[in-house]
Amino acid sequence: MPTLGNPRNTIEIIQKYGFSFQKKFGQNFLIDPHVLDKIIRAAGVTKEDCVLEIGPGIGTMTQYLAESAGRVAAVEIDANLIPILQETLAEYDNITVIHADILKVDIGEIARAYNGGRPLKVVANLPYYITTPIIMGLLEGNAPVDSITVMVQKEVAERIQAGPGSRDYGALSLAVRYYAEPYLVANVPPNCFIPRPNVGSAVLRLTRRRENAVQTKDRELMFRLIRASFNQRRKTLLNGLNNAADIPFPKETLAAAVKAAGLPDNVRGEDLGLEKFAELADYLAGQESGPPALPE
Ligand code: SAM
């Protein structure tokens, strides 16, 4: 049974090893068993699953995962935590700890080594300084992963979940939605961690879609359009795109694309869903590009 996930045993382990928390690694360890249970349930982990845990810390969630999953591969960057994990996870024979930076790991290799190449479930209390690169790396890199259940900063969860017209809606909301269906599992207050983070947290589950949310002739162009329109979100879509150096179409072509998508001249990017960005990309994919316009 898990022995961590409470303040007493966590502090005992930390003191025994003289472990000092490293801010640069985003170390906030979970000390609330209810939150841990909720994460495991939301991830829907069964003995059929192989879980990839990112950042096991002292092994708190790893213990819970080992009880419910068939196998767990846990990737930890901090060398000081490896001997601690050897002790806290000693009684489990279904865990492999990998000392590495998750941003440099080949997730396909982990799936092949520990799950016969089948998709993994990612479950993690993420280091907040690299939340977006981790999530987008898993989704864009086509890693063999069918769900991602993660603790993130509350504000990031809100941005990912937001829809058109909302203040939090942006390129991240659209990028995640293209690949996955987001679901907010729970908000988690700072007192569930040691040390307490100075922001609220939330558990988010992303279920990978079998097919991307929209079809487009040019995905790369679609994401450039999305980024350009949110980089200048107070401008109209047309001016935002026209000012962007990496959208090399004449203004008349951009205006024709906006019109062909059935949008008014003064529409803003923040009012559009993925479908409209896909329509704009499809229209522009077949058009002649020109020299970049001078900013207005
Ligand atoms: N899972 C533990 C828990 O819930 O108590 C710890 C979570 S803590 C928020 C984040 C963990 O990720 C830390 O153990 C940290 O050392 C690790 N970490 C930070 N950057 C990492 C990286 N690039 N690759 C792998 N692990 C990383």
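How far is an oxygen atom of the ligand from an N or O atom in the side chain of Asn 125? The distance is 2.9 Å.

This is a predicted model, in which local features need pLDDT of at least 70 and side-chain atom pairs count only at pLDDT 80 or more, while totals for chains, interfaces and linings use all residues. Residues are numbered from 1 along each chain as its sequence is written, and side-chain values use heavy atoms, with hydrogens and water left out.

**The chain**

The chain has 12 helices and nine strands; helices (H or I, at least four residues) and strands (E, at least two) are DSSP runs numbered from the N terminus. Its C-alpha atoms fill a box of roughly 70 × 40 × 30 Å along the principal axes. Of the 296 residues, 51% count as buried, that is, under 20% relative accessible area with a 1.4 Å probe, protein chains only. The chain exposes about 13900 Å², and carbon and sulfur atoms supply 49% of this area; accessible areas come from the Shrake-Rupley method with a 1.4 Å probe. Among contacts (heavy atoms within 4.5 Å) with a separation of 6 or more, 68% join residues 24 or more positions apart.

**The ligand**

Around the ligand there are 23 residues, the closest being Leu 30, Gly 55, Glu 76, Asp 101 and Tyr 129; a residue is near the ligand if one of its heavy atoms lies within 4 Å of it.

| Residue | Ligand atom | Distance |
|---|---|---|
| Glu 53 | nitrogen | 3.3 Å |
| Glu 76 | oxygen | 2.6 Å |
| Asn 125 | oxygen | 2.9 Å |

Taken alone, the ligand exposes 600 Å², of which the protein buries 99%. Strand E1 (29-30) and strand E3 (71-76) are the elements that give two or more residues to the shell around the ligand.

**Ser 201**

Ser 201 lies in strand E9, which covers residues 201-208. This residue is buried, with a relative accessible area of 1%. The side chain of Ser 201 makes a polar contact of 2.7 Å with the side chain of Tyr 128; within protein, such a pair also needs one atom able to donate a hydrogen and the other able to accept it, and residues adjacent in sequence count only if both atoms are side-chain atoms. Leaving aside neighbours within four places in sequence, Ser 201 is in contact with Tyr 128, Met 151, Val 152, Gln 153, Lys 154, Asn 187, Val 188 and Phe 193.

How values were computed. Buried < 20%, exposed > 50% of the residue type's maximum accessible area, 1.4 Å probe, protein only. Polar contact = N/O pair within 3.5 Å; in protein donor to acceptor, adjacent residues only side chain to side chain.
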